[in-house]
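Hi,

Here's the structure I promised to pass on. Have a look around first, then read my notes below.

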Amino acid sequence: MTASATTAPRPTPSRLDDVRADLRAFGAAGMKEWRLLRRYPSLFIGFLFWPIALPLAYVFQAQGYSGGQPAAIDAFAQRAGTAEIAGFLFLGWATYMWISMILWGPGTALRTEQVRGSLEALFMTPVSRMVILFGPVVSQIAWALWMFGVVGGVLVLFFGVPIGPMEALRALGVILVAVPALYGLGALFASVVLRFGEVSAMVQTVRGVFTVFCGMTFPIIILPVWAKAVALSLPPTYLIGDLRAVLLKGSDFVSLVPELAILAAMGLALCGFAIVAFRRTERYARQGGSLAQY
Amino acid sequence: MKPGYTGPAIDAVGLVKEYERGRRTTWQRVRRHPDQRERFRAVDGIDLRVERGEIFGVLGPNGAGKTTTMKMLATLLEPTEGTARILGYDVVREARDVRRRMGAVLSDGRSLYWKLTARENLEYFAALYHVPPKEQATRITSALQAVKLDDRSDDYVERYSTGMRQRLVLARALLPDPELLLLDEPTVGLDPQSSRDLRDRVRDLQAQGRTVLLTTHYMEEADQLCDRIAIVDHGKVVALDTPSGLKRTIAATEVVHLEIESSPADAALLSRLERTAGALARQEHENGTLQVTVHVRSARDFVPVAFDVAHEENAAIKHVEVVPVTLEDVFISLTGRALRE
C-alpha cells in the first residue's frame with residue numbers, strides 16, 4: 001500500500017455507489033456463510049433428511065387416525081380443500097422449518113458474531129447495517145429453495161402429487177412475496193439480541209403461536225372464530241395457504257392476488273418497523289456499550 | 001481526510017463516557033421506581049489532538065478509560081459529552097465517513113472466522129469496507145504482505161498462532177487503506193518475538209504516511225513506538241508529551257529500588273530516607289519486606305547514605321537495584337501507583 005493513497009483527501013462516495021457496494025457486501029456475506037457451512041459437511045445430511053423425516057411421521061399419524069377410510073379423507077378434503085394429505089402436511093412442515101430458520105436467522109447470526117467477538121469488527125465497517133443484519137441469512141434462501149425442492153421431489157415421486165413446472169414457478173412466486181414479511185420478523189428478533197442479548201425465549205414463543213394458529217398441520221377452518229382472526233393477522237397463514245393453493249389445488253396466481261397483496265403489505269410494514277427498531281437498538285447499544293456484551 | 005480539511009487526524013475535546021453501576025430490575029422499571037444506580041465516568045473529559053503522520057500512544061493501567069476512548073473514536077460508543085472529529089468528520093454525526101477512512105484493531109484473533117482462510121476472511125471484510133472489486137485482490141495481497149502472512153494466506157485461521165491471528169486482525173484493519181489506525185492493546189497476549197514483529201509493522205505503517213493511535217499498558221512499547229504519549233488515569237489525561245519530555249518531568253535521572261527487611265522501626269526509617277532523597281516515589285510492604293522506590297539525581301550518592309540510615313535504624317537492606325527513569329516512574333510520580341496495579 002502506498003503512502004500517497006493514504007494521505008490524499010477522499011471524497012465521500014455517492015449514495016448510488018454505496019448501494020452498489022452494499023449489494024456486493026450482501027453477496028460476500030452469503031458467500032462467507034456458504035464457506036463456513038461447507039466446513040461442516042455433516043450438516044448437509046441433516047438438511048436432506050429432516051425435511052423428509054418430520055412430515056413423514058405426521059403423514060403416518062394422519063393415516064393411523066383416519067384408517068385410510070374414504071369418509072375420513074372426504075371430511076379432510078371438505079375442510080382443507082384438497083385430499084392430498086401428504087402434500088398438505090409436507091408443505092406445512094416445510095414452511096414451518098423455513099420460518100424457523102428465518103426467525104432464528106438474523107438474531108442468531110448477530111448473537112453468534114457477538115459471542116465470537118466479531119460483532120464490533122463488523123460494526124466498524126462502513127457497510128449498511130442491513131447487510132450485517134440480513135447478509136448472513138442470504139444463504140438461507142438457497143436452503144429454503146433446496147428444502148422446498150426436496151419436499152416437492154418426495155411428493156411427486158413417492159405420493160404421486162402432480163406438481164409440474166408451472167406449479168413450482170407459482171410456488172416460487174409465493175415464496176418471494178413472503179420473503180419481506182418473514183425477514184422483517186427475523187430482523188425484529190435481531191433487535192431483541194442487541195437489546196437483551198438473548199433471543200431464544202421470544203423465538204420459541206412466536207414459533208409456538210405460528211404452529212397453533214397458522215395451520216401448519218391442519219386447515220385453519222377448524223379454528224374458533226377468534227383464533228381464525230388471529231391466524232389472519234399472521235403472515236405465515238397466507239404463505240402456507242397460498243403454497244397449498246398453487247401446488248395442491250391448482251390455483252392460478254391471479255386468484256391469489258388479494259391474499260398476496262396482504263402478505264406484501266405485511267412485509268413492507270414489518271420491514272419498516274424492523275429497520276426503525278434495529279436503528280434504535282443499535283443506538284441504545286452504542287450508548288450503553290452493549291455491542292460486545294453477551 | 002475531508003476534502004479541504006487541514007486540521008489534526010484526531011481532535012477530541014472534553015470526551016466523557018458515563019455508565020451506570022449496578023442494575024435496575026424489570027420490576028423497578030415497570031413500577032417506575034426512581035433510578036438509583038450510581039453513575040460513574042469511565043472517561044472524564046479527555047482532550048486529544050493527534051497530528052497527522054504521528055504515532056500517538058495512550059498509556060495507562062487497566063480500567064483507566066483507554067479502550068472506552070478508543071471505542072468512542074471508532075464510532076462504537078457514543079460519548080456522553082464532548083466531541084471528537086476524525087480526519088475532519090464527527091464520530092457521531094458522520095460515523096459512516098469516519099469508518100470509511102479508519103482501520104481499527106480493537107479486538108484479538110477471536111474476531112476472525114477461524115473456519116475460513118486468511119484470504120477468505122479478508123475477502124469478506126474487503127466487501128464490508130466497500131473496497132472496489134477491481135482493487136480487492138491487490139488490496140488483500142498488500143495487506144497480507146504488510147503483516148508478513150502472504151505465504152500462509154490459504155491456511156485456515158484456526159491453524160494460526162496467536163501472534164499470526166493478531167497480525168491478520170491488523171491486515172483486516174488495513175483493507176480500507178486507512179489514513180488513521182486505532183490499535184487497542186495490539187500486543188496483549190503475544191510472546192516477545194510476536195510483539196516485536198507487530199511493533200515493526202506499526203512503524204512501517206507510519207512510514208507509509210498513516211497516523212496511528214495506540215493504547216497500551218506496556219511502557220516499553222509506548223516508549224519505543226510513540227512520538228507522543230498521553231498518560232491516562234481514572235478517565236483523565238494526567239500528562240501528555242514526548243516520551244523523553246515525560247521522563248524529564250521527574251527531577252531525577254535514576255531510580256533506586258530498595259528491598260529492606262521489615263522491622264518495627266519502618267516508620268522512622270522511611271521518614272529518614274524521605275528526608276535524604278527529598279521524596280519517596282513508592283513504598284509498600286510485601287512478604288515481610290519493605291519495598292521502597294526513590295527517584296534521585298545520583299544513585300552513587302544516595303545508596304551509601306541509605307545503607308548508613310538503615311544501619312542506624314537497625315534495619316537491613318537486602319537488595320538494591322538502580323535503573324534509569326522509565327515511563328513507569330513517570331506514571332508512579334503522577335499517580336502514586338504502578339501501571340499494573
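Let's start with something you can look up on screen: which residue in S9(B) does Leu59(B) stand opposite? It's Ile231(B). Before going further, keep in mind that this is a predicted model. The predictor gives the complex an ipTM of 0.80 and a pTM of 0.81, and chain B has an average pLDDT of 88, with 98% of the residues scoring at least 70.

**The sheet in chain B**

That pair of residues belongs to a bigger picture. Strand S3 (residues 55-59) and strand S9 (residues 228-233) of chain B run parallel and are joined by four bridges. In general, strands of a sheet pair through backbone hydrogen bonds, either parallel or antiparallel. Both strands sit in an open sheet of six, ordered S6-S7-S8-S3-S9-S10 (chain B), and the pairing is mixed. At the edges you'll find S6 (102-105) and S10 (236-241) of chain B; each has a single partner strand, so one side of each has no neighbour in the sheet. On average, neighbouring strands here are turned by 15° against each other, ignoring direction.

- Helix H2 (residues 66-73) of chain B packs on it and touches S3, S7, S8 and S9 of chain B, with its direction at about 150° to that of S7(B).
- Helix H7 (residues 192-207) of chain B lies across S3, S7 and S8 of chain B, and runs at about 150° to S8(B).

**Chain B as a whole**

Chain B has 12 helices and 14 strands, and 44% of its 341 residues are buried. Its C-alpha atoms fill a box of roughly 80 × 60 × 45 Å along the principal axes.

**Where the chains meet**

Here, 40 residues of chain B are in contact with 32 residues of chain A. On the chain B side, helices H3 (95-101), H4 (118-128) and H5 (133-146) each supply at least two residues, and H4(B) has the largest share, with six. By class, this side of chain B has 19 nonpolar, seven polar and 14 charged residues.

**The cores**

The largest nonpolar core has 163 residues, and those touching the most other members include Ala94(A), Phe189(A), Leu73(B) and Ile86(B). Helix H5 (residues 85-116) of chain A gives the most to this core, 17 residues. There's also a second, separate core of 17 residues, among them Ala252(B) and Leu258(B).

Zoom in on Phe189(A) too: beyond its neighbours within four places in sequence, its contacts include Leu103(A), Pro106(A) and Val199(A).

Cheers

Definitions and conventions
Residues numbered from 1 in each chain as written. Chains lettered and ligands numbered in written order. Predicted model: local features only at pLDDT ≥ 70, side-chain atom pairs only at ≥ 80, totals over all residues. Core = buried A, V, L, I, M, F, W, Y, C linked by C-beta atoms within 7 Å. Buried ≥ 20, exposed ≤ 12 C-beta atoms within 10 Å, placed from the backbone. Contact = placed C-beta atoms within 7 Å. pLDDT = per-residue confidence, 0-100. Nonpolar A, V, L, I, M, F, W, Y, C, P; charged D, E, K, R; others polar. Pairing = 2+ DSSP bridges. Axes fitted to C-alpha atoms, helices over the stretch in contact; angles between N-to-C directions.
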